[in-house]
Every structure is written in structure tokens, then in C-alpha cells.
Amino acid sequence: MGKVLLCALLEDGGRALFVEKAFGESVKYSLPCVLADEADDPVKALAAAVMAQTGIDVQVGSIVFTGKHNAGSRRRKQFVGALAFACSAKRYSTRVKSRWFRSADVSSLKLSREAEWLKARR
């Protein structure tokens, strides 16, 4: 079975929600995401992952954009498909550190490995 990276794009007023991840002293940003099997239901898998990672109960919509994610190491690349789903919620308050960024600012952010494919997409 193949794998696929499912990401939740929570947008509000032209901004997207990014989760802060601390790696030592540096901070990197990522969309709420999960690496799932192709046989899994992507809507249920993504909704459960967003709830576990941020505490937001989302309703998963349609696919906004696609790309390729390196699920292997930097030396031995193993590319899998990456799908970003438009998601909506009644409340956007999270229990983890997060920030809102405009889509134009994504190229200047320090992104985690799960979100690096966003830079290649532009």
C-alpha cells in the first residue's frame, strides 16, 4: 500500500493556520497533517489528526492543491503524494501554539519537513 500526506488548510480572512513546532531553539511551522495509507478514508483520518494535534473540530472540504512530499530521508528520497484539504470550523481556538500567516508569506517561513512541499508548489 502507498502512503499519502493529508494536510488541513484552515483559512480565515485570507490567512492560514500554521502550528508552531519547536526544534531546540529554532521554531518551524507546519499545517496540521497526517501520513495515511491510500486505503484509509482521508476525511476521517484528517479530521481525527487535526483534533489530536490542535483540538479543533473541523469539517473537511475539497482538495485545494496537491504536491509531492519526501517521506524518506534527505539521502534516500521516497516521494509520496501530498493533498491539502480546505477545512472549516466553528471555533479556531487551539490548545497548542499556532500562528496565522497570509499565503504570500509562506515562502519566507521556516517550514517543517511535513510542510516543505508548500514552497515547491509556488
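**Aromatic pairs and burial**

Guide: Phe-65 is buried at 14% relative accessible area, where buried means under 20%, exposed over 50% and partly exposed in between (1.4 Å probe, protein chains only). This is a predicted model, in which local features need pLDDT of at least 70 and side-chain atom pairs count only at pLDDT 80 or more, while totals for chains, interfaces and linings use all residues. Residues are numbered from 1 along each chain as its sequence is written, and side-chain values use heavy atoms, without hydrogens and water.

Visitor: How is a pair of aromatic rings described?
Guide: By the distance of the centres and the angle of the planes. Rings of Phe, Tyr and Trp (its six-membered ring) pair if their centres lie within 6.5 Å; planes under 30 degrees apart count as stacked, over 60 as edge-to-face and the rest as tilted. The structure holds four such pairs. One of them joins Tyr-29 and Phe-101, edge-to-face, at 5.0 Å centre to centre and 75° between the planes.

Visitor: In which strands do Tyr-29 and Phe-101 lie?
Guide: Tyr-29 is in strand S3 (residues 26–30) and Phe-101 in strand S7 (residues 98–102), so the pair ties together parts 72 residues apart in sequence. Strands are DSSP runs of E, at least two residues, and helices are runs of H or I, at least four, numbered from the N terminus. Tyr-29 is buried, at 10%.

Visitor: Which residues form one aromatic cluster?
Guide: Phe-18, Tyr-29 and Phe-101.
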